Amino acid sequence: MEPDRATKLLIRLLLAAGLLALLMWWSGLHVDDVARTLRRLGPGTFAAAFGLHVVSYLFRARRFQVLVPIAERPPLAEVVTASAAHNLAVQVLPAKTGELTLIVYLRGRSGVSGSAATASLLVSRLLDVLMLGAIGGLAAMVVARERGGLALVLAGGLFVGSLLVAIVFARATRLTDGLARRLATRGPRARRVGEIVGRLGTALESAGQRTSLVPALLLSVPLWLCVFGFWVTLASGLGLPEHIGLLDNAFATASAQIGSLVPLAAFGGIGPMEAGWQLGYGILGVDLDTALAVGLSTHLVQLFNVSVLGGLAHLRMAVRPKARTEAS
């Protein structure tokens, strides 16, 4: 490893450790509390959560695949590999910088054009926000009937966010076309950017066609049920108070997922998600120590799963040749 890369990695690790230490200091949580919480996780619960995690990967990869035009669509096995490696990068690299790796993997191994891979990623993320808003918003509405206050605000925010995402997606092609036309009248560099934007608009239009978008939307439902099921299964097995039920855990999961969308996380995604867990469980009346211990423990299990699946994906990429010739 080059010294500059090693230095950057060390900085990220120190930043993650600093954020984690700050959270634990603020709540009064100790490492022993986290270890004690993790020991409550039985092998059956872990196996069920891991199974849901794997199934969600398959649904996510299949959704990436159907959003790529048929002429460029790679085999599912290649998309599963690229998606798992991409998810590892997203979780490990800070500030969501790992998102771009899906484009690199699909282009480099399967010959998918950069615009088609970008469109698949963007539409997938828009559908993720829609599903988070729908499922999390419903859970928040149920919780708000008893808790009111912040739970109602969270429910409203999720629904409004989903609506805004739908509006943006409906106008995405028009926006990219308009931007491409304006850039075409500028200098050579601007025209080059305009050509890229134009290709992205064409790819978004293709991904937004009914033959692609409807299957992607239908795949998003079981995908996000698996995502919520994964988190709820873990949280339920980590020693929460008895009054925290299924929908309560789903509500806290939605809060944590909102936190994970904030592009301020350090190495390992530490920080915003834990804050989301504390907010969600805090609204439900769980003390901060327990909320952070459960949130951090679930996050550590997730990172373990992501590392295993991402590591296997990188191993497959190392030992198997590319599926297609690299796109020019």
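Me: Which residues in helix 5 meet which residues in helix 6?

Reply: This is a predicted model. Start from the side chains on each helix. From helix 5 come L102, I103, L106 and R107. Helix 6 answers with G114, A117, T118 and L121.

Me: What is the make-up of that contact by class?

Reply: Sort the residues into nonpolar, polar and charged. The contact of helix 5 with helix 6 has five nonpolar, two polar and one charged residues.

Me: How do the axes of helix 5 and helix 6 cross?

Reply: Look at distance, then angle. The axes of helix 5 (residues 101–110) and helix 6 come within 9 Å. They cross at roughly 135 degrees. Angles over 145 count as roughly antiparallel, so helix 5 is oblique to helix 6. Handedness is a separate label. The crossing of helix 5 and helix 6 is right-handed.

Me: At what distance and angle do helix 3 and helix 13 cross?

Reply: Helix 3 spans residues 43–66, and its axis and that of helix 13 come within 11 Å. The crossing angle is roughly 50 degrees. The roughly parallel class ends under 35 degrees and the roughly perpendicular one starts at 65, so helix 3 is oblique to helix 13. This crossing of helix 3 and helix 13 is right-handed.

Me: Which residues make the contact of helix 3 with helix 13?

Reply: Helix 3 gives F46, F50, H53, V54 and Y57. Helix 13 gives V301, Q302, F304, N305, V306 and L309. By class, that is eight nonpolar, three polar and no charged residues.

Me: What is Q302 in contact with, beyond its neighbours within four places in sequence?

Reply: Look for partners from elsewhere in the chain. For Q302 they are H53, Q91, F230 and W231. Take F230. Q302 and F230 are 72 residues apart along the chain, yet their C-alpha atoms are separated by 9.0 Å.

Me: Where is T298, and what is T298 in contact with?

Reply: T298 also has its place in helix 13. Its relative accessibility is 0%, so T298 counts as buried. Leaving aside neighbours within four places in sequence, T298 is in contact with W231, L234, A235, L238 and W277.

Me: And W277? What is W277 in contact with?

Reply: Leave aside the neighbours within four places in sequence again. W277 is in contact with W231, A252, T253, A256, G282, A291, G295 and T298.

Me: Which members of the largest nonpolar core touch the most other members?

Reply: The general idea first. In soluble globular proteins, nonpolar side chains tend to be buried together. Now this case. The largest nonpolar core has 38 residues, and W224, F251, W277, Y281 and L284 touch the most other members. Helices 6, 7, 10, 11, 12 and 13 each give two or more residues to this core. Helix 10 contributes the largest share, nine residues. Another core lies apart from it, with 21 residues, including L88, A116, L121 and V306.

Me: How many helices and strands does the chain have?

Reply: Count elements, then look at the whole chain. There are 13 helices and zero strands. Of the 328 residues, 48% count as buried. For contact range, take contacts between residues at least 6 apart in sequence: 75% join residues at least 24 apart.

Technical notes
Residues numbered from 1 in each chain as written. Predicted model: local features only at pLDDT ≥ 70, side-chain atom pairs only at ≥ 80, totals over all residues. Heavy atoms only, no water. Core = buried A, V, L, I, M, F, W, Y, C linked by side-chain atoms within 4.5 Å. Buried < 20%, exposed > 50% of the residue type's maximum accessible area, 1.4 Å probe, protein only. Helix = DSSP H or I, 4+ residues; strand = E, 2+ residues; numbered from the N terminus. Contact = heavy atoms within 4.5 Å. Axes fitted to C-alpha atoms, helices over the stretch in contact; angles between N-to-C directions. Parallel < 35°, antiparallel > 145°, perpendicular 65-115°, else oblique. Left-handed = near helix turned anticlockwise from the far one by under 90°. Nonpolar A, V, L, I, M, F, W, Y, C, P; charged D, E, K, R; others polar.
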